[in-house]
Amino acid sequence: MTQDECRNLDELVGTLVKYHPEANVQLVEKAYHFAEQAHEGQRRKSGEPYFTHPLTVAGILAKLMLDAPTIAAGLLHDTVEDCENVTLEVIEKEFGQEVALLVDGVTKLKRLDFSSRVEQQAESIRKMILAMSKDIRVVLIKLADRTHNMRTLKSQPPESQKRIAQETLDIYAPLAHRLGVYKIKQELEDLCLRYLDPEGYQNLIVKVGMKRAEREANIRAVINTLSDKIKEMNVHYEIDGRPKHFYSIYRKMVLQHKPFEQIFDLIAIRVLVDTVQDCYAVLGIVHTLWKQIPNRFKDYISMPKPNMYQSLHTTVVGENGMPFEVQIRTYEMHRIAEYGIAAHWRYKEGKQVADALDNKLYWLRQILDWQNDTRDSEEFIKSLKVDLFSDEIFVFTPKGEIVDLPKGATPIDFAYRIHSAVGNKCVGAKVNGRIVTLDTPLSTGDFVEIITQQNSKGPSRDWLKIVKTSQAKAKIRQFYKKELKDENIANGKQMLDYEAKRQGGALPPLLKAEYLEPILRKYSFADVDDMYAAVGCGGITAAQVVTRLREEQKSHEKPLVPVMPRVPEENPHARAGGHASKNDMGIMVAGLPGCQVHFAKCCTPLPGDEIIGYITRGRGVTIHSKECMNVNASHDPARWVEAEWSETTNTSYNGSIQILAADRHNLLADLMSYLSAQKVTVCALNARVNSNQTCTIELTLQVANKQELDWVIKQIAKRQDTIEIFRV
């Protein structure tokens, strides 16, 4: 059991009243008994009672010194999702609106509402971010929840372990970093490493352990030397040594391509003092005692990190040639370094008071700003990872104000960070007094000045390829969305019409009010034109919209039951239980021996697709995929006939695919050579160059079945030039 796990109610309440004697203990006790009863009989995959999970989550929150409503929400956080007869209305009635809002913020959206796991993940995270913008305690509960899930991840199957660990490393550890909760961040990163690279993790443990005695002796020598000098200052201080956590060592080995033997700064000495003046005084002593390594001094006191972290960092070389890091901070800075945003909660008569949190959560406002214009799930997750996990740089305005940006940011990112109007009017930039191009990467310490023109026509679309921040991309898209709305609406209609035809149907039948309403509500579109405009400017893909509309259509219309055609009684195959007839195209048609068969051009089915036949006057039977739009559009169900693929057929079939690729010289030649090397026969090819430096390629391939075509699609999708590929 770790130090922040509570075994029972007494331990939980005891931890709470230590730091908050006047806390609403009755609320926590009531939540404890309610959750214990709600989860009664439930077991985790490890076999232990389920209630151990919410109890541990509450214990982690108590160790972060959060208030009673947060701890109560931690106890209740899974009741709505996992317990019958427990709704948000019940939680609000029993525990009040404050606790209900916190529980709602961490409750995942139902899987049934989404077409893929990626979309579900994206929308659940989007919901959490919206909730944490109203109350930051939501994400602290989520981080506590994820921490205990990672501690007990060994009970999950291997594929789930890797998926959950990767999501944690991509989203939740960076969130903990952004909020300054290093205690949780470091534990999450080390736990993720254990499952993402088990061999590397174990090797690291062995190597770190091999020289532990030598390092501990060096740490003691350094501490003794430094302590003797600090005592002469006659100041109150604490000093200790700590090894760096495993993931930070591992990441340095991977990013710098260094073997473990070349990672020298495996330890850090931390000095805590009372005042900022004492911090700088201790720094002077350190640099007097040991030689400083150039470019390894960071002053996060005068220039704090966006997550509120403050400390002095310097790396020096000891007498035995061993480099080590020294961190110097005040006691208050250390508390914030350990607990981050949680350290800024204060309690007065049961109500939390934010301590100048608005400026410290600017990055959250940025995410809220651009996420409204990013409705594509994969793009949202990708942008979120960039915004959360990028290394930071610190640049200055001409007036000397500090602006933090992700590493690799450009003057355009800086301009939009100042104000959207500055970005839209930007025509040039100066860095350190010299004119530079707008795609110049900025560095820490740069003084940046933006040159604007009032009569500027606005941002260039090419800037979307240059900027690094999601905020800048969102502002540029907003400009074009507003200025070119009519054009975006027209483009969106055209794109949706094309996509509907590609999926085997037409757009007009999909635009019924009952089909549109759920989509408009889900993506917060004001009306249909708003949806068209979003598709036209790239806020959401045409495929997402059409797929959703088709799903709504299917849910509203009764599926047609294939009806056997009436044939003369003397035909032996017409009797119940009669045999289907196989033809030379590998198709078995029920009740129609020797009939002529051809494939529908609207859906071109392949072996592996579920199929159905349509009796066409004078042309035999036309074979459609059961997913084809024309199957539901038919008004004569009596002409449909059951059909299936023969289990033994050596026939080849034509399958069509469409590729959207980055246009370049010899693209087609390279693609044909690649397919030839894969022994894929190309029957037909059609290609066109688009205006946005992309190329659309339509191929008809000779394949044996759907599985073979799917394999080809996967291989082409791996190519660097491929932007999108799908079966037509």
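## A salt bridge between buried side chains

In this predicted model, Glu-167 has a relative accessibility of 17% and therefore counts as buried, since the limit for that class is under 20%. Its side chain meets that of Arg-146 in a salt bridge, with a distance of 2.7 Å from N to O. Glu-167 belongs to helix H10 (residues 158–178) and Arg-146 to helix H9 (residues 137–151), so the pair ties together parts that are 21 residues apart in sequence. Arg-146 is buried as well, with a relative accessible area of 9%.

## Other salt bridges

Side chains of opposite charge can pair when their charged atoms come close. The structure holds 15 salt bridges. One of them joins Glu-94 to Lys-30, and the closest N and O atoms of this pair are 3.3 Å apart. Distant parts of the chain are linked in this way: Glu-94 is in helix H6 (residues 88–95) and Lys-30 is in helix H2 (residues 25–38), 64 residues apart. Glu-94 is partly exposed, with a relative accessible area of 33%, and Lys-30 is also partly exposed, at 37%.

A further salt bridge is formed by Glu-698 and Arg-688, where the closest N and O atoms are 3.9 Å apart. This pair connects two strands, with Glu-698 in strand E22 (residues 694–703) and Arg-688 in strand E21 (residues 681–689), 10 residues apart. Glu-698 counts as partly exposed at 29% relative accessibility, and Arg-688 counts as partly exposed at 40%.

Strands of a sheet pair through backbone hydrogen bonds, either parallel or antiparallel. Three strands form an open sheet in the order E12-E11-E13, and their pairing is antiparallel. Strand E12 (434–436) and strand E13 (448–452) are the edge strands, each of which pairs on one side only. With direction ignored, neighbouring strands of this sheet are turned by 35° against each other on average.

Strand E11 (residues 426–431) is joined to E13 by five bridges. Ala-429 has Ile-450 in E13 as its bridge partner. Helix H20 (residues 411–418) lies across E11, E12 and E13, and runs at about 80° to E13.

## Strand E17 and its partners

Which part of strand E17 (residues 611–616) is buried? Five of its six residues are buried, so the strand is mostly covered. E17 pairs with strand E18 (residues 620–625) in the antiparallel sense over six bridges, and Ile-611 stands opposite Ser-625 in E18. Pairing of E17 with strand E19 (residues 640–645) is likewise antiparallel, over three bridges. The bridge partner of Gly-613 in E19 is Val-641.

## Cysteines

A disulfide is a covalent bond between the sulfur atoms of two cysteines. How many disulfides does a search of the whole structure find? The search finds zero. Cys-83 counts as buried because its relative accessibility is 8%, and Cys-695 counts as buried at 5%.

## The protein as a whole

The protein has 30 helices and 23 strands. Of its 728 residues, 49% count as buried. Among contacts with a separation of 6 or more, 65% are between residues 24 or more positions apart. The accessible surface comes to about 36,400 Å², and carbon and sulfur atoms account for 50% of that surface.

How values were computed. Residues are numbered from 1 along each chain as its sequence is written. This is a predicted model: local features need pLDDT of at least 70, side-chain atom pairs count only at pLDDT 80 or more; totals for chains, interfaces and linings use all residues. Side-chain values use heavy atoms; hydrogens and water are left out. Two strands pair if DSSP finds at least two bridges between them. Helices (H or I, at least four residues) and strands (E, at least two) are DSSP runs, numbered from the N terminus. Axes are lines fitted to C-alpha atoms, for helices over the stretch in contact, and angles run from 0 to 180 degrees between N-to-C directions. Contact means heavy atoms within 4.5 Å. A disulfide is a pair of cysteine sulfur atoms within 2.5 Å. Buried means under 20% relative accessible area, exposed over 50%, partly exposed in between (1.4 Å probe, protein chains only). Accessible areas come from the Shrake-Rupley method with a 1.4 Å probe; for residues, only the protein chains shown count as cover. A salt bridge is a side-chain nitrogen of Lys or Arg within 4 Å of a carboxyl oxygen of Asp or Glu.
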